[in-house]
Amino acid sequence: APPVVLSQIDGIVGAINTTRARVETRLSTLLLAQYRLAQLQRGTDEALSRAAQARSERLHRLGQREAPPLWDRGIWTGAVEQTAAAGGDVMGAGQGLAAELGQQHAARVPLHVLLFLILLAVLWRGRRVASRWNADDPIIVTVVEVFKRPIASALLVSCLVAPWIYEEATPTLMRLIAVIAIVPVIRLIRPSLDRSVAPVLYVFGALFLVDAIRSVIASAPLFEHLVFLAEMLVASAGTLWVLRARRPEGLVVPEVDAMEGTALRLFRRLLLPAFASPFVVGRLGYAGLGRLIGAGALGSAYFGLAILAALQVAKGLIAVLLRSRPLGLLSAVQHARAALERRIVRVLRWIGVLTWIAATLASLTLLPAVASAVRRALTAEGGWGAIRISLGDLAIFALTIWLSFVVAGAVRLLLAED
């Protein structure tokens, strides 16, 4: 063959070999990535299996005595001996938090601070706007309290959005953020309480702080157990003080209807056995069962107060939006502002109730089981022949009908001027 043809053939063969080498390199890279993915998936499955096994073992141990009874002298001497170990656990947790913030979240901390400053600027402007509002409006009475404390309101919102900022945060970091949120929660809830029960709010704030510190103690079980029993005793005394207050409605926040007020009073009465029973079973030595109930009750109370404070901040922001430009200039908003605020606040309350229920179940470690049971109930199908329907389909149908009436009412309200 002519040399030109042979040269072209050699060039084509060389290009094919080069392409084949590239494909083989990429294939080996892909296979390596697939192998690593399989390893990660296997590790994840093993971790989930260990977590499920640990949860099962923990449930089996709930009926077993894990600590000496409170009248046993050994628990007191052992707790004194473990004091240094408990202090070491707390110091180690603090050093771990500092390392986590400095290494893993160094770029996100300035973003979090910037968000806080932006919220503070918005709420500070809302403070000037709120000073010009009509004091006769019943909604304004509580909304203005939010703008009187712009730093607390901005700090609370910043803490609430922290899980989305620090996506890979450890539980210890989340507890630190929850501890920081205690201060704005108390500042925002305090004006809504009667003076006779207000000191109990500070007691519960201190209990939340102590419980967060107790949760990092791992090498001093007897010391941790006594601290937990002290928490439950103080929480029971505080709840009993609220129930015996001169004004039984002292804990009911303003602007709630009769049904919500009844629910809040019922919740107060349920808290007393929820705190007293862990103390009783814990002092008998059933530490696991007492810790499960007591930590769940304390977490439920914390989330309830935090959600109430967040609702007050949300109502304040909504009030500013409906009274400022551009929404405040709309004639429909000016004439239907009160009705719009009531409906939005009602929706926010339902969201708060559902969030509190989910948080309470999570505190009791029951959320995965309840979510799985609800999912199975909603997806279970029944019917006749080819017609199959599930409870979830009925729920979606009812929700769609309800939303259509809500949207129709809102549109009719906004277009009433036309």
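This is a predicted model: local features need pLDDT of at least 70, side-chain atom pairs count only at pLDDT 80 or more; totals for chains, interfaces and linings use all residues.
Two packed helices are described by the angle between their axes and the distance between the axes. Helix α2, covering residues 73–81, crosses helix α10, covering residues 221–243, at roughly 110°, and the two axes come within 7 Å. Angles of 65 to 115 degrees count as roughly perpendicular, so α2 is roughly perpendicular to α10. On the α2 side, the residues in contact are Gly74, Ile75, Trp76, Gly78 and Ala79, and their partners in α10 are Leu222, Phe223, His225 and Leu226. Sorted by class, this contact between α2 and α10 contains 6 nonpolar and 3 polar residues, with no charged residues.

Helix α10 also takes part in a salt bridge. The structure holds 4 salt bridges, and one of them joins the side chains of Glu224 and Arg214, with an N to O distance of 2.3 Å. Glu224 belongs to helix α10, while Arg214 belongs to helix α9 (residues 198–214); the two residues are 10 apart and the pair links distant parts of the chain.

A second pair of helices can be described in the same terms. Helix α3 (residues 83–103) packs with helix α8 (residues 171–189) at an angle of about 95°, and their axes are 10 Å apart. This angle makes α3 roughly perpendicular to α8. From α3, Ala93, Leu97, Glu100 and Leu101 meet Thr172, Leu173 and Leu176 of α8. The contact of α3 with α8 is made up of 5 nonpolar residues, 1 polar residue and 1 charged residue.

Attention now turns to the surface. Here Leu366, Val370, Val374, Leu378, Ile389, Leu391 and Leu394 form a nonpolar patch, and together they have about 540 Å² of accessible area. Helices α15 (367–379) and α16 (391–414) each contribute at least two residues to this patch. Helix α15 gives the most, with 3 residues. Leu394, one of the patch residues, is placed in helix α16.

Key:
Residues are numbered from 1 along each chain as its sequence is written. Side-chain values use heavy atoms; hydrogens and water are left out. Axes are lines fitted to C-alpha atoms, for helices over the stretch in contact, and angles run from 0 to 180 degrees between N-to-C directions. Helices (H or I, at least four residues) and strands (E, at least two) are DSSP runs, numbered from the N terminus. Angles under 35 degrees count as roughly parallel, over 145 as roughly antiparallel, 65 to 115 as roughly perpendicular and the rest as oblique. Contact means heavy atoms within 4.5 Å. Ala, Val, Leu, Ile, Met, Phe, Trp, Tyr, Cys and Pro count as nonpolar, Asp, Glu, Lys and Arg as charged, and the others, Gly among them, as polar. Patches are made of residues with over 30% relative accessible area and no salt bridge: like charges are joined within 9 Å, nonpolar side chains (Val, Leu, Ile, Met, Phe, Trp, Tyr) within 5 Å. Accessible areas come from the Shrake-Rupley method with a 1.4 Å probe; for residues, only the protein chains shown count as cover.
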